[in-house]
Amino acid sequence: MPQIVIENLFNLRINSTSVHRKVIEIIHENGIDWMHACGKKGRCTTCKIILTSGEENLSSPTKAELEFFRQGRLKPGERLACQAELPSGEIVVRVDKFNKFPHVHYSE
Ligand code: FES
């Protein structure tokens, strides 16, 4: 069962029954606002997740993510929530400081 812990949202834990869903879909299905400026098409990076652990549980980087890595717009330990699938297992992530919403209260 996929599980997502969002560290700087007070360690909010999402337990999902969905399998083979993009990380951002699991987050949105649970009523949590997460930036997605390009409409989840892999064209911006505003949906970036910073991984604290569990990177091995995610699907392999997509072509779009590999291009952002090449450009330096994604760093090791970062993925796009609209591209990465979480088939099972847990990931612990953080919201990037540049992608926080003003109306959401973050713990850090
Ligand atoms: S929402 Fe734009 S890259 Fe994910």
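What percentage of the 108 residues in the chain do buried residues make up? Buried residues make up 25%. A residue counts as buried if 20 or more other C-beta atoms lie within 10 Å of its own, as exposed if there are 12 or fewer, and as partly exposed in between, with C-beta atoms placed from the backbone.

Before I go on, two remarks on the model. It is a predicted model, in which local features need pLDDT of at least 70 and side-chain atom pairs count only at pLDDT 80 or more, while totals for chains, interfaces and linings use all residues. Residues are numbered from 1 along each chain as its sequence is written.

Now the overall layout. The chain has two helices and five strands, and from the N terminus on they run β-β-α-β-α-β-β. Helices (H or I, at least four residues) and strands (E, at least two) are DSSP runs, numbered from the N terminus. The C-alpha atoms fill a box of roughly 30 × 30 × 25 Å, taken along the principal axes. The radius of gyration of the chain is 13 Å, which agrees with the value near 13 Å for a compact globule with 108 residues. That radius is taken over C-alpha atoms, and the globule rule is 2.2 Å times the number of residues to the power 0.38.

The five strands form an open sheet in the order 2-1-5-3-4, with mixed pairing. Why is one side of strand 2 and of strand 4 left without a neighbour in the sheet? Strand 2 and strand 4 (78–80) stand at the edges and have a single partner strand each, so one side of each has no neighbour there. On average, neighbouring strands of this sheet are turned by 35 degrees against each other, direction ignored. The axes behind such angles are lines fitted to C-alpha atoms, for helices over the stretch in contact, and angles run from 0 to 180 degrees between N-to-C directions.

Look at the start of the chain. Strand 1 (residues 2–6) pairs with strand 2 (residues 12–15) in the antiparallel sense, over four bridges; two strands pair if DSSP finds at least two bridges between them. Val 5 has Arg 13 in strand 2 as its bridge partner. The two strands form a hairpin with five residues between them, and Phe 10 in the turn has a positive phi of about 60 degrees.

Two further residues have positive phi. For His 20, which is not a glycine, phi is near 55 degrees. His 20 is in the loop between strand 2 and helix 1 (23–29). Is His 20 buried or exposed? His 20 is exposed, because 11 other C-beta atoms lie within 10 Å. For Lys 40, also a residue other than glycine, phi is near 70 degrees. Lys 40 is in the loop between helix 1 and strand 3 (48–53), and it is partly exposed because it has 18 other C-beta atoms within 10 Å.

Last, the core. A nonpolar core is a set of buried Ala, Val, Leu, Ile, Met, Phe, Trp, Tyr and Cys residues joined through C-beta atoms within 7 Å. The largest one has 19 residues, of which Ile 4, Val 23, Ile 24, Ile 27 and Ala 81 touch the most other members. Helix 1 gives the most to this core, with four residues. Leaving out residues up to four places away in sequence, Ile 24 touches Trp 34, His 36, Lys 40, Cys 47, Ala 81 and Cys 82. Touching here is contact: C-beta atoms, placed from the backbone, within 7 Å.

How values were computed:
Two residues are in contact if their C-beta atoms, placed from the backbone, lie within 7 Å.
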